[in-house]
Amino acid sequence: GGGASDRFVAMAALLTRVSFVPSRTPRAPGSSIHRGSTAASVGPSSRRRRACPSKPTKASAEGAASPAAETASDDAADADDDAWGPWDPPLPPLDPHPPIISWYVARDLIEEWGEIANSAEDIVIASLDFDVSTVELRLTEDGVRFPDADPRSPPLVTWPDVVAIARDEKGAYVLREGERAERFQVFSEGTSRAVSLMPSGPGLAPTALIAGFSMHRFGVGVDPMEDTARKIAAVAPIRKGARVLDICTGLAYTASMARERGGDVTTVELDPAMTEMCRMNPHSAALFSGDIRQLYGNAADVVPTLPDDSFDRIIHDPPTFALAGELFSEEFYGHLARILRKKGRLYHYIGDPASKSAGNVARGVVTRLKQAGFGGVAIDYDAHGIVATLDGHVKINGSTKPRGQKYRGKDQLRNGKGGAPGKGG
């Protein structure tokens, strides 16, 4: 009929405006969207769910302080308490959490709209929270709506906005009914840089872009959560009740995964803008659960205030040496040794140690860690970091040699031998 013909014409007009560039991220098999006939268990009320559930805390959400308000000194006295939490969330969770759409969902919506031209079915199932859950959506001539929305009201997102989103593989867009889709980013007053969420691909948690650079390494076989899992594996096991310090919160994936393993987690973040990223990112919801203690400030200032022998595991995930040299210093490592318990374990991210730049940093880090009191130090190539202990016994759970490179023996990897200590980082 005329309606189907008009839809094909409109669809062709949309597609001529889309110039798709092959993605750097491998697509998962199949579409990110399903037809509504298979979604009997997914109701329209799903969009009102709480993506960041919050447990009862010491203070109500109305009384919660701003992210920058809490410092290490506020909670230092609690560090050795037997009880853990609940802690005030660093920001009140978003309730309801606004829908978020990424490029791969937008492309699939465009494809589905073309395919249903001769079908009476106009309901599809898609994820608007980076694949944490799914919701039903109705595809209409002027855009995308929730099934229970008034058809006379503006759509949740118009087709021109869907097309623009489909072209942007580095952006995540917040949707609000009756408004233009808005690319989510925060300007950090502390660092004078823009910070935004970047989709990693279908079925994957997003990473963050800081001044255009990705926070996580990802590619074939390594997405942000796999990257996090390798760091957690470097300090495994994390037993129930183990005290864990996560330095440089970022998107809180490390803190969240350590908590999932049973750890009592304290995490330190310099930039409150990252907490805004976490609040918008459904995969960071655990940070607002009351189970994780969030501290703010430069870790070089915060860590010296923490009590002796207070952590079983430390995960040190700093920016590059060029940006945060004080977090690679012997003085800072001395404080890490002081707060780590006798049989504790430290993981220190350095970048790919098989590369020339990170390899130079690694040699300097190994030397300074030993000078600071760590008896055992080894490189974990899978985790792109260094593992250290006080008692001298180091067991690497990942690879102890660079993949695809000639292995020159244990002296190359352990205790800083076989290299040129002190050069580079």
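Author: Let's start with I101, which touches A106, L109, L128, I165, A172, Y173 and L175, leaving out residues up to four places away in sequence. Bear in mind that this is a predicted model.

Reader: How confident is the predictor, going by the mean pLDDT of the protein?

Author: The mean pLDDT is 80, and 73% of the residues reach 70 or more. Residues 15-29 fall below 50, although the stretch has 26 contacts in the model beyond near neighbours in sequence. Residues 404-425 are also below 50, with 42 contacts counted that way.

Reader: Now the tryptophans. Why is the pair W84 and W87 called edge-to-face?

Author: The ring centres are 5.0 Å apart, and a pair needs them within 6.5 Å. The planes stand at 70 degrees, and over 60 is the cut-off, so the pair is edge-to-face. A search of the whole structure finds four aromatic pairs.

Reader: How do you know whether W84 is buried or exposed?

Author: Buried means under 20% relative accessible area. W84 has 16%, so W84 counts as buried. W87, with 5%, is buried too.

Reader: Which residue lies over the face of W87?

Author: That's R293, at 5.5 Å from the ring centre, and the distance limit for a charge over a ring is 6 Å. K231 likewise lies over the face of Y349, at 4.8 Å from the ring centre.

Reader: Moving on to strands: what makes β16 largely enclosed by the rest of the structure?

Author: Five of the six residues of β16, which covers residues 311-316, are buried, so the strand is largely enclosed.

Reader: In which sense do β13 and β16 pair?

Author: Parallel, over four bridges, with β13 covering residues 243-247. Two bridges would be enough to call it a pair. I247 stands opposite H316 in β16. Strand β17, residues 340-349, runs parallel to β16 as well, joined to it by five bridges, and here I315 stands opposite Y347.

Reader: What about L340, buried or exposed?

Author: L340 has 0% relative accessibility, so it counts as buried. The residue sits in β17. L340 and F311 are 29 residues apart in sequence, yet their C-alpha atoms are 5.0 Å apart in space. Leaving aside neighbours within four places, the contacts of L340 include D309, F311, R313, I314, F374 and L390.

Reader: Where is S284 found, and how do you know whether S284 is buried or exposed?

Author: S284 is found in the loop between α7 (272-280) and β15 (292-296). Its relative accessible area is 0%, and the cut-off is under 20%, so S284 is buried. Beyond neighbours within four places in sequence, S284 is in contact with L251, Y253 and C278.

Reader: What makes helix α4 mostly covered?

Author: Six of the eight residues in α4, which spans 159-166, are buried. They are W159, D161, V162, V163, I165 and A166.

Reader: One last stop, the open sheet of four strands: what is the order?

Author: The order is β9-β10-β11-β12, with antiparallel pairing.

Reader: Why do β9 and β12 stand at the edges?

Author: Each has a single partner strand, so one side of each is left without a neighbour in the sheet. Four bridges join β9 to β10 (residues 193-198), and the partner of F187 in β10 is A194. The two strands form a hairpin with four residues between them, and S192 in the turn has a positive phi of about 55 degrees. As for faces, V186 and S188 make up the covered one of β9, while Q185 and F187 make up the uncovered one.

Conventions: Residues are numbered from 1 along each chain as its sequence is written. This is a predicted model: local features need pLDDT of at least 70, side-chain atom pairs count only at pLDDT 80 or more; totals for chains, interfaces and linings use all residues. Side-chain values use heavy atoms; hydrogens and water are left out. Rings of Phe, Tyr and Trp (its six-membered ring) pair if their centres lie within 6.5 Å; planes under 30 degrees apart count as stacked, over 60 as edge-to-face and the rest as tilted. Buried means under 20% relative accessible area, exposed over 50%, partly exposed in between (1.4 Å probe, protein chains only). A charge sits over a ring if NZ of Lys or CZ of Arg is within 6 Å of the ring centre and within 35 degrees of the ring normal. pLDDT is the predictor's confidence in each residue, from 0 to 100. Contact means heavy atoms within 4.5 Å.
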